[in-house]
Each structure stands twice: as structure tokens, then as C-alpha cells.
Amino acid sequence: MLTRPTAPALFAIVAALLPLPGWSAELDGAVLSLAWALPFAGVLLSIAVLPLLAPRLWHHHFGKVAAAWALAFLLPFAAAHGAHAALAISVHALVAEYLPFIILLTALFTVAGGICVRGNLHGTPALNTGLLALGTLLASIMGTTGAAMLLIRPLIRANDDRRHTVHVVVFFIFLVANAGGSLTPLGDPPLFLGFLKGVDFFWTARHLLGPMAFLCGALLLVFYLLDRHFYLNREERRPFDPTPDSALQLEGKLNFLLLGAVVGLVLMSGLWKPGVATELLGTPLEWQNLLRDGALLVVILLSLWLTPKTARSGNEFGWGPMLEVGKLFAAIFLTIAPVIAMLRAGEHGAFAAVVRAVTGPDGKPDDVMYFWMTGLLSSFLDNAPTYLVFFNTASGDARELMGPLASTLAAISAGAVFMGANSYIGNAPNMMVKAIAEERGIRMPSFFGYMAWSVGILVPLFIVMSFLFF
């Protein structure tokens, strides 16, 4: 079924069709006031508050709400700087940043959604902990989105005869959708951006293995103890199990090959540099990235065409979670543009205090502050551009950051990846997992309810990590 294009999409379409003169897609953050951050704050508050205060309105109209906030930035910006400048910003945000992001997520979502794990296991504390550990390891190989989409449904099904399941999904977001993707550039978008900037492929594994092992080991231990506490309650098991235990079988195995193709295409775009690009309203579009995105679209179509329908029906596969992520992140990518520009302006921007906070009295980077500032901003901004901001704030030179400033780059990387779990909007898979769990009848915490979990469990561990590693 075709849907009407949103206003932000229309900006990009008009920009592509009209013969407009070239305009720079870069915003000068030094001349922007904090008022330009209000639409972005509005998107965040809408995501946080409306599902709690007006659930029916949000469920049926979240796309319209997101589009309204996008227009709240674009229309005043067009009035202040001209329609051509607004179009250039829209093209840069949507074509150069949002589309590659959403295409990759859609490819992983589609391919992983075509792998159906038939049968059912008994959701004991040991099994649940084992599945979380498996997903944590897979996240650095197939990405947090791919690992999350592959395992969230079997995990929910294994526990569908239990009364307490919210904690299972919450820890799944902590581990599989975030911390597990910290060992390779394929695991999480911020690390992939660092790879494209020149960070060695295995650098993250060498420098983040210790922090990742500590965090994930501690989370798995806490989860096991909490899950065991619930499991030993005599009223925990429901009298009727909707999916009795049975042997496991895989359907849709072809998607493992397509998953390998996704990984190969992502690597190709980072290793192959033909040095050829086209330009659209001041936004350079490099050929390797266009080839990657076009090939990923082919992978999506192949997965939809070749996967047996029974595999997707067995997963209860639907586009609802992807549509929610797609619409909300379109608004986020548009409205975040002035926020990132103000951060990038450093001492000359409205967020100069943030830049000063990560620099010590001697003028050298403060690793602990880089860890926390990158992490806190990644909790509410998209963690990929936040990583880039602090990557450039620290030095911007990959060789220097891998050498004398290696501890600073490790702090930035850890903050971006680990603290993306602090809120539902810190990392795209968080919202996808939440949407799938709610489709399966699990009453997930509200925006602030989820943050109560993250503040109570993750933040104390991050404080300990600050002393141990940074």
C-alpha cells in the first residue's frame, strides 16, 4: 500500500527535481541561537510524553507529530535563510545521512526477519542468560539491529508462559541492541563512521574488549539473579503455555547468505575509495556509498522474494516497527542538524560549555568527561553524529586518535555505544525491540519508566567503568 509522502520527503523530492543553484549543506553553528534546538527538543518530548499522556493519539498519528516538528524547524529556517538553504539542509539530512541509515536498518530488519527459528525452548534463567550472551556476541558480527531482530522473537516466545517478562526485554536492549555491538565497526553505526574516518577495523576490538567484557559480564550476572528471583516465584508460570517446548529448526536459511552480502557491502563502502562523487545541492554523494545503498535495496527485494512466506508468518513479521523508526528518525535527522552544528562550532557555539567540559585545565582531553559527555548526548541524540562531533572535537585525525589519544578515542567510542542504551531513542534498535515486544502483548515501560531501569542499573556500572578504564 502506498502512503502519502511526508513534508520532509517532499522537500527532498523538490530539491532533486528543481534546477536550483548550489547551496552549502553545512550550517554555521556559531551564528545559531538555542532557539533552533527547540524543534529537536519537541521531538524528544513527544516521544517521551505523548505515549504516556495520549497513547491513542500517538499510536495513530506519531508520523504526523514527527512531521510537524520537522516543519517547525524547516519553515522558520526557510523564512530566515531562504527556501534554497532549507532545501539544501533537507537534502543533506535526508539523502546523505538518513537514507543510508534507514536503508541499512531496513536491510538488517528484513533479512533477520526472514530467518525463522521454529520450535520453542523453556525460558529458564539459564536459557535466557545464554540467549542474551549469544545475542551480545552476534551483535558485533551482524550489527545490533540484525542480532536484535534475529533473537528477540525466540526470546519472547520462550518466556510467553511467564508473568514477568519486561526485564527480559529491557536487558535484551542493554546487551544485544547496544553493548554487544562494541567490538567491530559492523556492530554499531558510530564505530562504522570511525572506520570510514580511518580507524583500523580491529582497533575497537583491541581497545574496547576490556570495558565491553566488564559491562556485559556484570549485566548478565545481574540479569541472571533477577530472572532467577522471578522464576522461583510459584505464581510466575501461567497455567497455559501458548507455545509448548519443541525442537528448534531454522527456516529461511538463505537469509544468512544475504546477511553476508550486507556485511560485505558495508565493508566495501569503507575500503573502496574511487574518489568519484556527484553533488546535490552542496551535498557530495560518493559512488561507493551510492553503490552500497543501491545494492542493499536489491538485497531487501531478494529477501522478500526468496524467503518462504511461512518463515515471515512464523516470525509474525510486519513493517510496523520499521515504519515507526523510519518516521521518527526522519524528524530526528532533520531537527538535529542545528544541534550538531552548534556543537561543532565549539567555543563559538551556543553549546560552548559542552566543549569546555571535555578539556582539562592543561588543555588536554579529559577522557572521563569525553566518556560521559559523548554518552549523555548519545542517550538522547543519535549516537552516530554525536560520535563524529566528539571525534572531531578531540582531534579529527584518526592516526593521532589511535596513537597518543587512544584512550580518548576509546572513551568516545564506549560512551557512544554503551550509553545508547540509556533511553529508547539512544539507538535505533531500541525502539524496534520495544515495538516488537508491544506487538507481542508485553507492556513495555514508558520513556521515563525505561530510563528508571537504565539509571538504576547502567549508570552505576558506568561510574565504576570511569574509574577502571578512563
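Helix H4 is largely enclosed by the rest of the structure, because 24 of its 31 residues are buried. This description, like all that follows, refers to a predicted model. Helix H4 comprises residues 83-113 and has a kink of about 45 degrees at Tyr 98.

Of the 470 residues in the protein chain, 55% are buried. The accessible surface of the protein chain amounts to about 19800 Å², and carbon and sulfur atoms account for 68% of that surface. The contacts within the protein chain can also be considered by distance along the sequence. Among contacts with a separation of 6 or more, 81% are between residues 24 or more positions apart.

Arg 153 is part of helix H5, which covers residues 125-158. Which residues does Arg 153 contact, leaving aside its neighbours within four places in sequence? They are Phe 109, Gly 113, Asn 315, Phe 317, Ile 436 and Arg 440.

Arg 153 is buried, yet it has no salt bridge. How far away is the nearest side chain of opposite charge? That side chain belongs to Glu 439 and is 6.1 Å away. A salt bridge requires a side-chain nitrogen of Lys or Arg within 4 Å of a carboxyl oxygen of Asp or Glu. The side chain of Arg 153 does, however, reach a backbone oxygen, that of Met 149, at 3.3 Å.

Key
Residues numbered from 1 in each chain as written. Predicted model: local features only at pLDDT ≥ 70, side-chain atom pairs only at ≥ 80, totals over all residues. Heavy atoms only, no water. Helix = DSSP H or I, 4+ residues; strand = E, 2+ residues; numbered from the N terminus. Buried < 20%, exposed > 50% of the residue type's maximum accessible area, 1.4 Å probe, protein only. Lys, Arg positive; Asp, Glu negative; His and termini not counted. Polar contact = N/O pair within 3.5 Å; in protein donor to acceptor, adjacent residues only side chain to side chain. Contact = heavy atoms within 4.5 Å. Bend = angle between axes of the 7 residues up to and from the residue. Areas by Shrake-Rupley, 256 points an atom, 1.4 Å probe, with all protein chains shown as cover.
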